[in-house]
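Work through the exercises below with the sequence and the structure in view. Try each task before reading its solution.

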Amino acid sequence: NGTTTTSTTGTTTESTTSTSTTAKPERRECSDHKNLYYHRDTTNGAYVGFFNSYSDNTNSSKTSPDWHGAGWYRFTGITGNRMATSPPGWRKCGSSYPGWLFGFLPSTPGTTLDVKVCFQDMMERCDKSVDAKVTNCDGYFVYYLPETPRSGRYCSTNESV
């Protein structure tokens, strides 16, 4: 609120003006999510053998240490701050079946988009896919991720958007 004082021939008039701003909507998932951080990056994604491969599936014999089942996740740490948006290459990201976002990231804070995550195998860039969601949290993204097919694992990157 601001106050404006005007003087007219000895009479003082006081008026009040107010300015309203619209606060960005706080999405619950922006503060209530888990973190994915364990060796997921595409740039340093070493080729892994089948038996050394992690999976983002709780029914897997080698579930990723940072995977806790379907839910909202944020990519953090030195291995990347968002999901890869291009095929990382077969057997990258600590997995024999790496996952990447096929689609667009929301540009407006507070916006959530339905997206598709593809999983790459030896022959196909998008052998299998799952439906997911991504929310722009004004400086970072969070993703609603389901359990992955086969031995799939979600990949991260530090590449700019």
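**Exercise 1. Burial and surface**

Solution. Step 1: Take the cut-offs, which are under 20% relative accessible area for buried, over 50% for exposed, and partly exposed in between, with a 1.4 Å probe and protein chains only.

The model is predicted, so local features need pLDDT of at least 70 and side-chain atom pairs count only at pLDDT 80 or more, while totals for chains, interfaces and linings use all residues. Residues are numbered from 1 along each chain as its sequence is written, and side-chain values use heavy atoms, with hydrogens and water left out.

**Exercise 2. Order of the elements**

Task: Find how many helices and strands the chain has, and give their pattern along the sequence.

Solution. Step 1: Helices (H or I, at least four residues) and strands (E, at least two) are DSSP runs, numbered from the N terminus. Step 2: Counting these runs gives 1 helix and 11 strands. Step 3: Along the sequence the pattern reads β-β-α-β-β-β-β-β-β-β-β-β. Step 4: Among contacts (heavy atoms within 4.5 Å) with a separation of 6 or more, 61% join residues 24 or more positions apart.

**Exercise 3. The nonpolar cores**

Task: Which residues touch the most other members of the largest nonpolar core?

Solution. Step 1: A nonpolar core is a set of buried Ala, Val, Leu, Ile, Met, Phe, Trp, Tyr and Cys residues joined through side-chain atoms within 4.5 Å. Step 2: The largest core has 18 residues, and Met83, Val117, Tyr143, Leu145 and Tyr154 touch the most other members. Step 3: Two or more residues of this core come from each of β4 (71-75), β6 (97-102), β7 (112-119), β8 (128-136) and β9 (141-145). Step 4: A second, separate core has 5 residues, including Ala84, Cys93, Trp100 and Cys118. Step 5: Leaving aside neighbours within four places in sequence, Leu145 contacts Leu36, Trp67, Ala70, Gly71, Tyr73, Met83, Ala132 and Tyr154.

**Exercise 4. Aromatic rings**

Task: Classify the ring pair of Trp100 and Phe102, then locate the charges over rings.

Solution. Step 1: Rings of Phe, Tyr and Trp (its six-membered ring) pair if their centres lie within 6.5 Å; planes under 30 degrees apart are stacked, over 60 edge-to-face, and the rest tilted. Step 2: The whole structure has 7 aromatic pairs. Step 3: In one of them, Trp100 and Phe102 have ring centres 5.8 Å apart and planes at 75°, so the pair is edge-to-face. Step 4: Trp100 is buried at 4% relative accessibility, whereas Phe102 is partly exposed at 46%. Step 5: One aromatic cluster is formed by Trp67, Tyr73, Tyr97, Phe119 and Tyr154. Step 6: For charges, NZ of Lys or CZ of Arg must be within 6 Å of the ring centre and within 35 degrees of the ring normal. Step 7: The charged end of Lys62 sits over the ring of Tyr54, 4.9 Å from its centre, and Arg74 lies over the face of Tyr140, at 3.6 Å from the ring centre.

**Exercise 5. Disulfides**

Task: Which cysteines are joined, and is each link left-handed or right-handed?

Solution. Step 1: A disulfide is a pair of cysteine sulfur atoms within 2.5 Å, and the whole structure has 3. Step 2: Cys30 and Cys137 have sulfur atoms 2.0 Å apart; the S-S torsion is about -85°, so this disulfide is left-handed. Step 3: Cys30 lies in helix α1 (residues 28-31) and Cys137 in the loop between β8 and β9, so the pair ties together parts 107 residues apart in sequence. Step 4: Cys93 is joined to Cys155, S to S 2.1 Å, and with 120° about the S-S bond the link is right-handed. Step 5: Cys93 is buried at 0% relative accessibility, and Cys155 is buried at 0% too. Step 6: Cys118 and Cys126 have sulfur atoms 2.1 Å apart, and with -75° the link is left-handed. Step 7: Cys118 is buried at 1%, whereas Cys126 is partly exposed at 31%. Step 8: With the bonded cysteines numbered in sequence order, the pairing is 1-5, 2-6, 3-4.
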